[in-house]
Amino acid sequence: ALSPARRAVRRALLLTLDAAAQDPVQRRAELAQALGRPMMYEILRPLEELAADPALLVRAAAVAAAGQTPHRRSLGIVCRALGDSEATVREEALQSLRALSFRDALPALARLYREATDLDVRQAALEAIGRIDTLDAGLFLLEMARQDAGPAGQAALGMLKGRPNLAGALAYATAMETGSLRDALQALLAG
């Protein structure tokens, strides 16, 4: 029996063999989509090449496939696509960024959140961080809630709900804060 990675590669090769009878751009896009299905590291090199393809459809499909593969290297594909000249590819990159919420992505997502000037990129990175269920991700959200009284801080505060692993940190932050943030943190502890 073939492993999932070998089945995915076989499926991708069969798609390329049929390319003569079909639209080559459509075939490359289907190849990118097929490569994303097994969610394995081995498919990232071909996805990197497809993400640099001149055809918009192929780049968008490669970025979507990278968003299904929880690995730091796939995050690199998505981050490069955030700067694509085509809005369709950038939108696909934002969707993929939101989906890449795995433990090892936290440092890169936090750096992206801090360094990005595009509000959509910052929001997508924050949403991805909010879905990472680790103490470090929760502490990042708590720090965001403490530093930013605006919409991003409110969003981070909302993402802190239902994180029992943060009870100690929330209690400490509640004791240190004043005003509406203190009230919001107390509500999180109570609820």
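## The model and its fold

What you have here is a predicted model, in which local features need pLDDT of at least 70, side-chain atom pairs count only at pLDDT 80 or more, and totals for chains, interfaces and linings use all residues. Residues are numbered from 1 along each chain as its sequence is written, and side-chain values use heavy atoms, with hydrogens and water left out.

The protein chain has 12 helices and zero strands. Both are DSSP runs numbered from the N terminus: helices are H or I with at least four residues, strands E with at least two. Of its 191 residues, 42% count as buried (buried is under 20% relative accessible area, exposed over 50%, partly exposed in between, with a 1.4 Å probe and protein chains only).

## One aromatic pair

Searching the whole structure turns up one aromatic pair. Y113 and F140 have ring centres 6.0 Å apart and planes at 90°, so they sit edge-to-face. (Rings of Phe, Tyr and Trp, the last by its six-membered ring, pair if their centres lie within 6.5 Å; planes under 30 degrees apart are stacked, over 60 edge-to-face, and the rest tilted.) Because Y113 belongs to helix α7 and F140 to helix α9, the pair ties together parts 27 residues apart in sequence.

Y113 is buried at 2% relative accessible area, and F140 is buried too, at 10%. Y113 also has R122 over its ring face, 4.2 Å from the ring centre (a charge counts as over a ring if NZ of Lys or CZ of Arg is within 6 Å of the centre and within 35 degrees of the ring normal).

## Salt bridges

The structure holds six salt bridges, each a side-chain nitrogen of Lys or Arg within 4 Å of a carboxyl oxygen of Asp or Glu. In one of them, D84 meets R59 with the closest N and O atoms 2.8 Å apart. This links the loop between α5 and α6, where D84 lies, to R59 in helix α4, 25 residues away. D84 is buried at 13%, and R59 is buried at 9%.

E48 pairs with R80 at 3.8 Å, joining helix α3 to helix α5. Here E48 is partly exposed at 25%, while R80 is exposed at 55%.

## A buried serine

S96 sits in helix α6 and is buried, at 3% relative accessibility. Beyond its neighbours within four places in sequence, S96 is in contact with V63, A64, G67 and V78, contact meaning heavy atoms within 4.5 Å.
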